[in-house]
Amino acid sequence: MSEQQEEFAIRVRDLVVGFGRQTVLDHLSLDVRRGEILGLVGASGGGKSVLMRTIIGLIPRRSGTIEVMGQPIGGRTQGAATAWGILFQQGALFSSLTVRQNVQFPLRENLVLSQELMDEIAIAKLEMVGLRAQDADKYPAELSGGMTKRVALARALALDPPILFLDEPTSGLDPIAAGDFDALIRTLQRTLGLTVFMVTHDLASLTTVCDRVAALADGKIVAIGPMRELLQSEHPWVRAYFHGKRSQMLQHEMR
Ligand SMILES: Nc1ncnc2c1ncn2[C@@H]1O[C@H](COP(=O)(O)OP(=O)(O)OP(=O)(O)O)[C@@H](O)[C@H]1O
Ligand SMILES: [Mg+2]
């Protein structure tokens with residue numbers, strides 16, 4: 001493996017993705033370094049979730065190349081999505097399965113393990129995300145929002161993936177729960193050596209946990225770097241996003 005491949009967990013080049021006559025991603029390029037937490041921001045409907053799903057192999061692309069951990073992702077394959085650590089924006093858990101069964105789902109899909117071993121793994125993953133063994137027999141309807149996110153995270157970690165894909169992991173959580181979740185992501189990233197690709201609108205997450213932030217506008221990455229560099233960006237959308245009235249108000253509140 002060359003040094004260049006080792007440096008990057010994800011490499012996207014000239015990616016074009018669209019639906020019918022709509023082009024969502026238009027010759028987009030992006031590198032995610034190994035071991036970093038990269039935050040992705042962009043307008044609602046701008047293509048953040050589409051980008052994540054395309055990298056995972058769930059959405060076909062029109063052109064361009066994608067490499068994940070040095071392996072090319074096929075253009076038309078419907079990738080084995082359960083093998084990646086993914087926390088989707090919507091529909092986090094299967095409502096008819098218990099917490100334990102939810103966490104075990106990727107194990108069942110991808111491996112042949114004894115029930116005993118799967119139970120042990122499920123409990124270990126739940127503890128890793130700060131839940132208790134007692135929570136394992138609950139159904140999703142019996143969980144708080146924060147617990148739901150943690151179970152989804154435990155499920156994403158089930159197969160010990162090298163990369164975690166998180167689509168707005170803290171949306172819908174109160175600021176304290178969101179802060180706790182951010183701290184958990186940081187701890188997991190450090191202890192497990194994970195690369196984290198995180199779509200978020202949460203300014204606190206961007207400032208406190210992301211090593212770098214990428215901004216998606218007009219189907220491309222228009223700025224990427226540490227948050228302090230993004231705040232200096234001259235790009236009109238990036239300026240409007242970080243220096244618009246609403247975010248100024250929030251930043252003022254944060255001080
Ligand atoms: N499976 C699909 N079929 C057709 N169009 C789609 C599909 N998935 C997404 N789109 C379109 O692609 C565009 C980008 O959607 P996407 O979900 O990536 O936005 P987003 O940046 O994640 O927004 P948000 O911040 O609101 O989650 C939208 O116009 C959406 O309607
Ligand atoms: Mg989205």
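Tutor: We begin with the ligand. A polar contact is a pair of N or O atoms within 3.5 Å; here a polar side-chain atom of S44 lies 2.6 Å from an oxygen atom of ligand 1. This is a predicted model, in which local features need pLDDT of at least 70, side-chain atom pairs count only at pLDDT 80 or more, and totals for chains, interfaces and linings use all residues. Residues are numbered from 1 along each chain as written, ligands are numbered from 1 in the order in which they are written, and side-chain values use heavy atoms, without hydrogens and water.

Student: Which polar backbone atom is 3.2 Å from an oxygen atom of ligand 1?

Tutor: That atom belongs to G46.

Student: How much of the accessible area of ligand 1 does the protein cover?

Tutor: Taking accessible area by the Shrake-Rupley method with a 1.4 Å probe, the protein covers 61% of the 640 Å² that ligand 1 has on its own.

Student: Which element gives the most residues to the shell around ligand 1?

Tutor: With helices as DSSP runs (H or I, at least four residues), the answer is α2, which gives three residues.

Student: What does L153 touch, beyond residues up to four places away in sequence?

Tutor: Contact means heavy atoms within 4.5 Å. The partners of L153 include L87, V129, L164, L166 and F181.

Conventions: Polar contact = N/O pair within 3.5 Å; in protein donor to acceptor, adjacent residues only side chain to side chain. Helix = DSSP H or I, 4+ residues; strand = E, 2+ residues; numbered from the N terminus.
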